[in-house]
Amino acid sequence: MSVIDARHLDGVSETALLTLHQRATEAARPDGIIDDPMAITLRDGLDYDYQDFGRTHQATALRALVFDDVTRDYLAVHPRATVVALAEGLQTSFWRVDNGEMTWLSVDLAPIIALRQQLLPASERLGHRAQSALDHSWLDAVDATDGVLITAEGLFQYLTEDVVFSLIAACAERFPHGQLAFDSVPRFLSAYSQRRGFRLSANYTAPAMPFWFTADQYPRLQVIPGVRAVRELRYPAGRGTLVPWVTRQSYRLPALARFRAPVTLVEFN
């Protein structure tokens, strides 16, 4: 496979390279928590100095596993459903969860879609929309006949609250009996990112994250018309001693809900 220049990506789109690198590095470890050979192949097919991102960690892979689990759970009940991956970036989720029946729609900006189509295998069940997830016209491209699951992995924190709630409301109205999964950050991380930025290395600072949302805020989602239920999806324990201990402790007390970075599942009527 030829190596393709990815140095033109910037802003939020560049974070797709960050999360790809984190996930591929974890997958390449002998004791890695995620099985993702496609991520390794994709990372190695892109010309980019990944060392600019600084140290790697397992958090991105843990988040991917949560989204994999909720997708498999939905497909277990709706095997021919459509999965819509909003701002998918360089995720390789399709190949980790493919049941041979589902349809997958990847929605992202044109530069990202171009890289995906150049480097990732084609499938008749894998479609692409080269547009912003905030342009709601992608809703018209979704076949909801056999169910719809929408994923927003690593997206909402870069938006504003009114935009996020508007998008959730639009999905609830359009896709009854569907589901939407998203991750978010707690308030203190959002405030820190906007004030000082997340400087991951001398060469890279992650974009600000204006939207924060935690599990103690779920009643605000439950009043959106068409929303039936909201619940938090737990992260797996992870590798090592410290990470599993911290994960367990974070779920022990309800008061800690406002400090977690939750993955949230929204179920529609």
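# Aromatic pairs, sheet and cores of a predicted model

The structure contains eleven aromatic pairs. In this account, rings of Phe, Tyr and Trp (its six-membered ring) pair if their centres lie within 6.5 Å; planes under 30 degrees apart count as stacked, over 60 as edge-to-face and the rest as tilted. The model is predicted, and local features need pLDDT of at least 70, side-chain atom pairs count only at pLDDT 80 or more, and totals for chains, interfaces and linings use all residues. Residues are numbered from 1 along each chain as its sequence is written, and side-chain values use heavy atoms, with hydrogens and water left out.

| Ring pair | Distance of centres | Angle of planes | Class |
|---|---|---|---|
| Phe156 and Phe182 | 5.1 Å | 40° | tilted |
| Phe211 and Phe213 | 5.9 Å | 10° | stacked |

Phenylalanine 156 lies in the loop between E6 and H6, while phenylalanine 182 belongs to strand E7, so their pair ties together parts that are 26 residues apart in sequence. Here helices (H or I, at least four residues) and strands (E, at least two) are DSSP runs, numbered from the N terminus. Both phenylalanine 156 and phenylalanine 182 are buried; buried means under 20% relative accessible area, exposed over 50%, and partly exposed in between (1.4 Å probe, protein chains only). Phenylalanine 211 also counts as buried, at 1% relative accessibility, and phenylalanine 213 is buried with a relative accessible area of 1%. Ring pairs join Phe156, Phe165, Phe182, Phe211, Phe213 and Tyr218 into a cluster. Setting aside neighbours within four places in sequence, phenylalanine 156 is in contact (heavy atoms within 4.5 Å) with Val164, Leu167, Ile168, Leu180, Phe182, Asp183 and Phe211.

**The sheet.** Seven strands form an open sheet in the order E5-E4-E3-E6-E7-E11-E10, with mixed pairing. Two strands pair if DSSP finds at least two bridges between them. Strand E5 (126-130) and E10 are the edge strands, each pairing on one side only. On average, neighbouring strands of this sheet are turned by 15° against each other, direction ignored. Such angles run from 0 to 180 degrees between N-to-C directions, with axes that are lines fitted to C-alpha atoms, for helices over the stretch in contact.

E3 and E6 pair in the parallel sense over four bridges, and valine 84 stands opposite isoleucine 150 in E6. E6 and E7 also run parallel, joined by four bridges; leucine 149 stands opposite glutamine 179 in E7. Five of the five residues of E7 are buried. From E7, Gln179, Ala181 and Asp183 point one way, and Leu180 and Phe182 point the other way.

**Helices on the sheet.** Helix H5 (residues 110-119) lies across E4 and E5 and runs at about 150° to E5. H6 packs on the sheet, where it touches E3, E6, E7, E10 and E11, and its direction makes about 35° with that of E11. H6 has 14 residues and reaches 20 Å from its first C-alpha to its last, close to the 20 Å expected at 1.5 Å a residue; the expected span of a helix is 1.5 Å times one less than its number of residues. Val164, Phe165, Leu167, Ile168, Ala170, Cys171 and Ala172 are buried in H6. The elements covering the buried residues of H6 include E3, E6, E7, H8, E10 and E11.

Helix H1 (residues 11-28) has 18 residues that should span 26 Å, and its end C-alpha atoms are 27 Å apart, which agrees. Of these 18 residues of H1, 14 are buried, so the helix is largely enclosed by the rest of the structure.

**Nonpolar cores.** A nonpolar core is a set of buried Ala, Val, Leu, Ile, Met, Phe, Trp, Tyr and Cys residues joined through side-chain atoms within 4.5 Å. The largest has 35 residues, and those with the most contacts inside it are Val84, Leu86, Trp138, Ile150, Phe156, Phe182 and Leu221. Elements giving two or more residues to this core include strand E3 (82-86), strand E6 (148-152), helix H6 (161-174) and strand E7 (179-183). H6 gives the most to this core, with seven residues. Apart from this core lies another, of 26 residues, among them Ala6, Leu9, Leu46 and Leu120.

**Leucine 200.** This residue is found in strand E8 (residues 198-201). Leucine 200 is partly exposed, with a relative accessible area of 37%. Not counting residues up to four places away in sequence, leucine 200 touches Leu18, Phe53, Gly54 and Thr205. Leucine 200 and threonine 56 are 144 residues apart in sequence, and 9.9 Å apart in space, C-alpha to C-alpha.
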